[in-house]
Amino acid sequence: MNINQLLQHALTGISVGGCYALIAIGYTLVYGILRLINFAHGDIFMVAGYFMIFSFAVMPFPVAIVVTLVGTTVLGILIEKFAYSPLRQAPRMSVMISAIGVSYLLQNLATYLFTALPKAYPAIPGLKQVIKIGDISTSLVTILTPIITILLVVLLLWLVNRTKIGMAMRAVSRDYEAASLMGIKLNQVISFTFAIGSLLAAVGSILYFTDRMTVFPFSGSLPGLKCFVAAVFGGIGSIPGALVGGFFIGICETVIKAIGLSTFSDAFTFIVLIVMLLIRPTGLFGEKNIDKV
Amino acid sequence: MNKLKFKDKINVDLLIYLAIVVVSVIILAFLDMNKFEYNYAISIIEKSLVYAVVALSMNIVTGFTGLFSLGQAGFMALGAYTTAILTIPVASRPNVYYMNGILPALENAVVPIPVALILGGLVAALFAALIGIPVLKLKSDYLAIATLGFSEIIRAVIASPMMDKITNGSYGLKSIPGFKSSVECFAFSLICIVLMVLIINSSTGRDFKAIREDEIAARSVGINIFKTKELSFVVSSFFTGVGGGLLAMFMRSIDSKTFQITLTYDILLIVVLGGIGSITGSIVGAFFVTAGKEILRFFDEPLVVAGTEIPLFKPGFRMVIFSILLMVVVLFFRKGLLGGKELSIKGMKKYSRKKEEQNIDEGGAV
Amino acid sequence: MENILKLTDMSIQFGGLRAIDSLNLEVNKGEIVAIIGPNGAGKTTAFNCITGIYTPTSGNIEYLGQSIINKDPEEITKRGIARTFQNIRLFKNLSVFENVLIAVHLRYNDNIFTSALRINYKQELAMREEVKALLESQDLYKYRYDIASSLPYGIQRRLEIARALATKPTLLLLDEPAAGMNPHETKELTAYIKKIRDEFGLTILLIEHHMDLVMDISERIYVIDFGKLIAKGNPDEIQNNPKVIEAYLGVEENA
């Protein structure tokens with residue numbers, strides 16, 4: 001493998017990693033607040049793909065992008081309202097099952113409405129444009145993805161650390177009950193968290209599918225799982241952790257594919273999970289919790 | 001009666017269950033004799049039985065130990081492939097492995113079906129033990145994602161070209177000997193179910209339940225929670241593996257796509273509908289869901305009423321219905337059809353008796 | 001007097017908070033010893049260290065002359081220390097009988113094969129006999145079929161004690177056994193604790209806020225405030241100790 005090929009792969013890896021990071025943040029935020037593995041998150045990402053396909057067909061692309069972002073955000077909020085919020089007092093396993101139920105429903109609904117066959121993802125003008133840097137040729141979206149990701153993460157960190165709602169989010173993730181006793185409106189904060197997570201997933205979806213070019217009802221499930229692993233790797237609850245985890249998984253996966261072991265690129269992610277749980281269960285940036293007796 | 005006697009166990013329920021078994025065997029034998037007429041019914045029953053085994057095995061770990069494992073498809077795949085590889089008739093093997101050939105060591109490796117099923121279970125149990133060691137020491141949240149991930153790894157490995165000579169890669173395996181009769185299928189499933197019920201109602205099963213109820217309290221009465229969780233996970237996976245072997249026998253041909261995550265979700269659906277932590281719930285749920293899927297098949301066919309096609313009816317509709325059903329149960333009937341209780345005559349009697357008077361009967365209070 | 005439990009300079013730190021600071025404590029065979037102190041003083045934390053739920057940052061815990069630091073809770077229970085919890089931890093959805101039955105498992109040899117295949121069902125019967133006898137002696141037998149969470153609060157407390165007794169402990173730790181009880185119930189509990197001590201040959205260490213009970217029952221009392229031992233002695237000494245009066249008894253407690 002020569003240096004150019006290497007750079008080419010690195011670039012692809014960073015790009016995939018950026019998308020993963022955007023999805024991983026959604027997992028990390030929700031887990032941080034509700035201690036819930038939101039199994040439906042990957043499917044929200046998939047539905048965002050369909051939103052784009054259908055809105056793009058009937059309206060100009062900037063509007064279609066806005067519709068996709070808004071639609072996905074609303075979907076995220078609605079899912080929380082209908083499937084998770086009634087189970088606030090229920091055992092955590094019930095909420096997890098509900099999340100799987102939503103995932104199952106979205107997948108089956110997508111299969112029913114759009115058939116199981118892959119649908120072509122629209123080419124957003126300009127994004128697929130080929131760019132040449134030296135001997136490396138790549139598309140604009142590949143370059144753009146990590147940049148957008150990092151910008152959004154910076155924005156999110158500002159939001160979480162500097163704004164009132166961000167402070168409320170941190171308070172809730174630290175101590176759910178104490179936060180609600182202090183007058184924080186739990187439901188608002190939770191809705192907001194889901195909104196942000198879904199919005200980022202929608203952005204990730206546009207970048208990811210522009211590159212992959214097709215969407216099918218199960219295209220969210222594996223990336224979803226991988227991004228959860230990315231979030232665990234970085235330390236669940238930590239936004240920079242999700243970013244680092246996303247890039248790590250994305251780059252490793254690309255490298256593994258590049259050296260001809262495609263079959264194991266998916267398996268690798270879960271080996272990362274097991275190894276991480278063995279050596280550092282709190283992840284790179286995670287904090288240790290003590291269970292109160 | 002002052003002494004608790006073991007024969008108290010031989011109670012009305014046991015007799016009823018025996019009666020159910022006898023009646024089932026008679027019915028199944030009748031169906032077997034008229035195989036051509038009842039082919040469809042037989043296949044639904046066999047599938048339900050296999051799913052009942054797997055659902056109950058999932059319930060051991062999820063419903064009785066309180067650990068959320070989502071590796072069913074993966075463990076089933078291990079059991080199914082082990083069983084298939086060891087039972088496909090030697091004569092058919094060149095035909096099955098026509099693309100890549102078969103590993104010489106496996107060329108003549110044939111064992112009787114029950115042995116193959118047990119080996120399938122053991123392979124699944126072995127892998128469960130390995131995953132359990134790192135994961136079960138931590139908060140059990142991660143178990144769900146680790147097992148789900150594992151399930152996908154297994155699928156990827158099975159389909160990989162490196163495994164061609166063992167699993168036949170993406171071509172899958174066929175010519176797996178099926179059940180000779182539905183009675184045979186019933187017998188295998190019944191043995192699994194009885195063993196699982198015995199475990200659940202033993203002192204080991206009580207330790208599982210203690211962990212589900214309260215880990216700290218369980219430790220305070222001397223239960224080693226890591227060992228017990230690991231045991232539950234391994235036992236559950238063993239039976240899931242056997243269930244996978246049974247599924248292979250039912251289907252006669254398998255490939256890696258059989259064991260997608262949706263398979264796990266299908267099992268979860270049964271467990272949740274039947275009631276998490278209910279043995280009879282899992283069994284009834286398996287029949288309910290399997291038969292329901294067949295009965296609702298017409299939802300997937302275009303429906304024409306008075307010359308106009310009703311737009312709702314097209315492929316995928318029944319799965320949407322099942323998804324919605326799952327959500328409804330999770331949200332509104334959190335305990336499922338049976339709500340952690342068991343269908344039993346004794347239970348019903350106990351209920352009515354308790355209303356009259358509290359303090360009469362003797363016997364195992366479990 | 002035979003020494004049962006001995007804490008030597010035991011400290012535990014959570015982040016920046018020193019929850020317990022060099023605690024020295026001894027319990028001798030057959031004694032009833034109380035730990036008192038304001039809320040948040042570190043009493044329950046001390047229990048959690050003794051029972052292995054937390055590992056002390058420094059210092060030593062000896063039980064029957066052997067260090068039990070770094071031992072798992074289940075191992076410590078097997079060695080003979082049983083406990084109850086401040087906010088009752090029963091196996092909520094299991095019956096009273098099962099709750100106690102689970103606690104006798106540790107004294108029987110059973111593995112999944114012998115238990116599932118009913119190979120030594122005699123052992124199972126022995127366990128059941130034992131539980132039956134225990135429940136009868138604790139006046140809980142009539143509730144045996146009831147689901148633990150459905151019982152009245154006071155019965156739940158007694159069930160939790162019965163469950164602890166089922167492990168056949170040498171040392172019993174009771175974490176606020178009288179919490180939520182009225183004076184009459186507290187009086188009954190006082191008699192009950194003495195009764196089980198004598199009947200089962202126990203040594204008891206308890207945390208309690210009800211001073212009547214503490215003063216009535218304890219042979220010796222340790223007073224903790226902000227993780228530090230501020231006084232120890234018999235009930236009379238404690239009642240007249242100015243430090244204690246200042247830190248604790250002067251304040252009306254209503255836990």
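Residues are numbered from 1 along each chain as its sequence is written, while chains are lettered from A and ligands numbered from 1 in the order in which they are written. Because the model is predicted, local features need pLDDT of at least 70 and side-chain atom pairs count only at pLDDT 80 or more, while totals for chains, interfaces and linings use all residues.

Let's start with chain C as a whole. It has 10 helices and 10 strands; helices (H or I, at least four residues) and strands (E, at least two) are DSSP runs, numbered from the N terminus. The C-alpha trace of chain C spans about 60 × 40 × 35 Å along its principal axes.

How many of the residues of chain C count as buried? The figure is 45% of the 255 residues. Buried means that 20 or more other C-beta atoms lie within 10 Å of the residue's own; exposed means 12 or fewer, and partly exposed is in between, with C-beta atoms placed from the backbone.

Now to the sheet. Chain C has an open sheet of six strands in the order β6-β7-β8-β3-β9-β10, with mixed pairing. Its edge strands are β6 (81-83) and β10 (228-233), each pairing on one side only. Two strands pair if DSSP finds at least two bridges between them.

Please look at β3, residues 32-36 of chain C. Four bridges join β3 to β8 (residues 203-207), and the two run parallel. C:Ala34 stands opposite C:Leu206 there, and C:Ile35 has C:Ile207 as its bridge partner in β8(C). β3(C) also pairs with β9 (residues 220-225), again in the parallel sense over four bridges, and in β9(C) the partner of C:Ile35 is C:Tyr222.

Is β3(C) enclosed or open? Five of its five residues are buried, so β3(C) is largely enclosed by the rest of the structure. In a regular strand the side chains alternate between the two faces of the sheet. Here C:Ile32, C:Ala34 and C:Ile36 lie on one side and C:Val33 and C:Ile35 on the other, with both faces covered.

Helix α1 of chain C, residues 43-50, has eight of its eight residues buried, so this helix is also largely enclosed by the rest of the structure. Among them are C:Lys43, C:Phe47 and C:Ile50. Just after α1(C), C:Gly52 takes a positive phi of about 85 degrees.

On to the other chains.

Last stop: B:Tyr17, in helix α1 (residues 12-33) of chain B. B:Tyr17 counts as partly exposed because it has 15 C-beta neighbours inside 10 Å.
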